[in-house]
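Please look through the structure below with these notes at hand.

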Amino acid sequence: MTGWAGKADLLEKGPNELGAPKRGETIFLQKHPTKTIVVKSVPQMKFCLLFLSFVLAALISEPTHASKYTPCPNSCSGNGKCTTPWGVCACFDGFMGADCSLRTCPRGKAISDSASADDDAHHLAECSNRGSCNRSTGQCKCDSMFEGSACERFMCPNDCSGRGRCVSAKNLARFRDPGELRSSCTSADVCKDIDCTERDYSACMSTYTYETWEADNWYGCLCSPGYKGYDCSLRTCARGDDPLTPSQNNEVQLLECHADFGTFTLSFGRETTSPIPVDASVSQVMSAINALSSLEGQQPKVAVSWTSGVDRVCISSGNLIQVTFLQNFGDLPLLIPDGKHLGQTSGTETPLITSQKVVFGTKEWEDCSLHGTCDEEKGICNCLDEWITSDGYGNGGTRGDCGYRQSGTTSSCPGEPACLGRGICSGPPNFRCACEAGRSGPDCALIDCPMGKSWFSFPTDDNKAHSISECSDMGICDRTTGKCKCAEGFVGGACDYMTCPNDCSGNGECISMQSLAQNKRVNGVLTPFTYGTDPNDPLTWDHDQIFGCNCSPGFDGYDCKLRTCARGDDPHTQHQKNEVQILSCSDTDNTGSFQLTFRDETAIVKVTNTAADLESILNALSTIERVSVSYTDQSIFVGAPGLEADSLQVCRDVGQQVEIEFLSPTGDLPEIVVTHSNVDGILSISTLQSGTKEYIECSGRGICNQDTGLCQCFHGYGSSDGQGGVGTRDDCGYKVPYAFDS
């Protein structure tokens, strides 16, 4: 086939370099990728006149901007630099594609991906693998539940129902009450030197840090007081002490304040008092603490007392202040002091306030005082017969906690039969049901829901969270059925699995992060990595909970929706080589065979097979498109004179070497692997020459239509044979010799 170059080439080369057309030759003028004018078998003189008329028409025609000849495709669309000498676009930031006409989208830590090494995943990915990229605008279209320019943030479920604060996992760790983590805040914690001339109360306010892969992009709900649930849609009920359990203690904490001017504050349950002056009275200190909404129950919630005869909360020599909790029971968080604004007039005294627990609370602190069940929609206790709201001490009151028996005495466990036959009654004095597994409530009437690793919870140590919780903190438990109603995008009995985006569009397999790591491919070869094999590694907590798509061949994208296009060598880049591998084999009895594997596909080869046989066997593998196999000894070929009986075999008694040249795929390829052999001599594969050609989408001379999986070739390029010649690969790897602009 012969053709004509573009106008610029015609002007530069002249007719002698183009060569005269020959009679009977098929000649075409490509004015458009789909319009070709073909002239066949015309008399030479007539043909030459026609040839010249077409050339003249081409020279005077006005091309469109899009198809005007430039060294790089479409002049890199103005979004990149044309590199020489091969005319390859180097796109500016934010652009991609062989002609830089496509936009890239923001990148974030992948929600799901394949590990690149053992326990190494969640690398940067476009739209964080939870959204699709609009190549025209460079903007991500995020899946539901995800937001942000790169779809990098997991949204708070139901916007926390308007009853809580949406915070990141990192910030949730900071919001934890530091009083839950300590039983004292002493001078050893506060003083920075032996004389305590410098003080820092932040040591008593510190909580665990959380810096794992999802710390900044996984958001959840921090519910307001009175609300609970993964989306703060449930109401809490009053908690209290079981009055049937005697001889238990209220919590008592001790403050010690050394100062004669300034103020201090106290924090409890993530709330802080207003500043308390050093000359505050007992009633003023008690009022400041009782004003905290983090303390439950009826007033007064605490009682305050200190050394007899002292009329102010702080004195220079130190005052001991006792705080007794009257309405919050059990082992309570420590009151955390902050005395950075305290001072001493005397230069010999140190301003300081400390706190410590002196009596640990041992009373129950349970919903409805263990004598009723909580209506989580209304936040009201449904008390058992004869039980009503109490004052927290077994008497009638306004707490709403079922802690007061209004008539009679308790002589049996609740339920008929006792514990509804779903538990064992403890007997006197508290007559409490020990429910069987899966049951709860004062009479064992409630059905528990499955437990799983929490998706969003306070850390229990630095970088360690996701403790076991009901419905994995991503669903609501129906206590009549014991089934979780999961949030959107989560499945499993305990809502413990995050589903794959769009169910992988039906074009892939939805598998866990651990399985994605095991299915990792490097250069087309299965290269398994581990992810989450150590159950105590907090950084891979998601190994069996987050799922992602493992796309079927021919499909791509985070949800396997996109089709892949043919790949090939850029026909413009020169002085590159094909991959060549050497098979060396010796065998003495001509009875052996061996297996060759390339990119996880295997073929059986007999020692008596010829180079031509081996070529056919390898070309039959779907992972190999086309190879050429030849003998390294150039004197061996079919029909060569003086050949011995086994000369054409790939394995010979004296040894044989054959060259396997990869025509497609191109590029630096993995070695063929001998996976099984019963050859009695030497058998090996080695690389003679690593491939240096490209193996890129549409050969770098077209744009992939990911809806159809077909390359849209740039003007002047068409389907190749993988080696720059015309072919049927639909890869844009063939440079049309003479393509005219329209």
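**Notes on the predicted model**

1. Proline 417 sits in the loop that lies between β33 (404–405) and β34 (423–425). This is a predicted model. The peptide bond leading from glutamate 416 to proline 417 is cis, and its omega is near 0 degrees.

2. Another cis peptide bond links threonine 84 to proline 85, with omega about 5 degrees. Proline 85 is placed in the loop between β4 (80–83) and β5 (88–91).

3. Histidine 466 is not a glycine, yet its phi is positive, near 60 degrees. The residue belongs to the loop between β38 (451–453) and β39 (468–470). Is histidine 466 buried or exposed? Its relative accessible area is 8%; buried means under 20%, so histidine 466 counts as buried.

4. Cysteine 504 also has a positive phi, about 60 degrees, without being a glycine. Its place is the loop between β43 (497–498) and β44 (508–512). With a relative accessible area of 0%, cysteine 504 is buried.

5. Three strands form an open sheet in the order β53-β52-β56, paired antiparallel. β53 (601–606) and β56 (673–677) are the edge strands; each has a single partner, so one side of each has no neighbour in the sheet. On average, neighbouring strands here are turned by 30 degrees against each other, direction ignored.

6. Strand β52 (residues 593–598) runs antiparallel to β53, and six bridges join the two. Phenylalanine 598 has glutamate 601 of β53 as its bridge partner. Helix α9 (residues 611–619) packs on this sheet and touches β52 and β53. The direction of helix α9 makes about 160 degrees with that of β53.

Methods. Residues numbered from 1 in each chain as written. Predicted model: local features only at pLDDT ≥ 70, side-chain atom pairs only at ≥ 80, totals over all residues. Heavy atoms only, no water. Pairing = 2+ DSSP bridges. Helix = DSSP H or I, 4+ residues; strand = E, 2+ residues; numbered from the N terminus. Axes fitted to C-alpha atoms, helices over the stretch in contact; angles between N-to-C directions. Contact = heavy atoms within 4.5 Å. Buried < 20%, exposed > 50% of the residue type's maximum accessible area, 1.4 Å probe, protein only.
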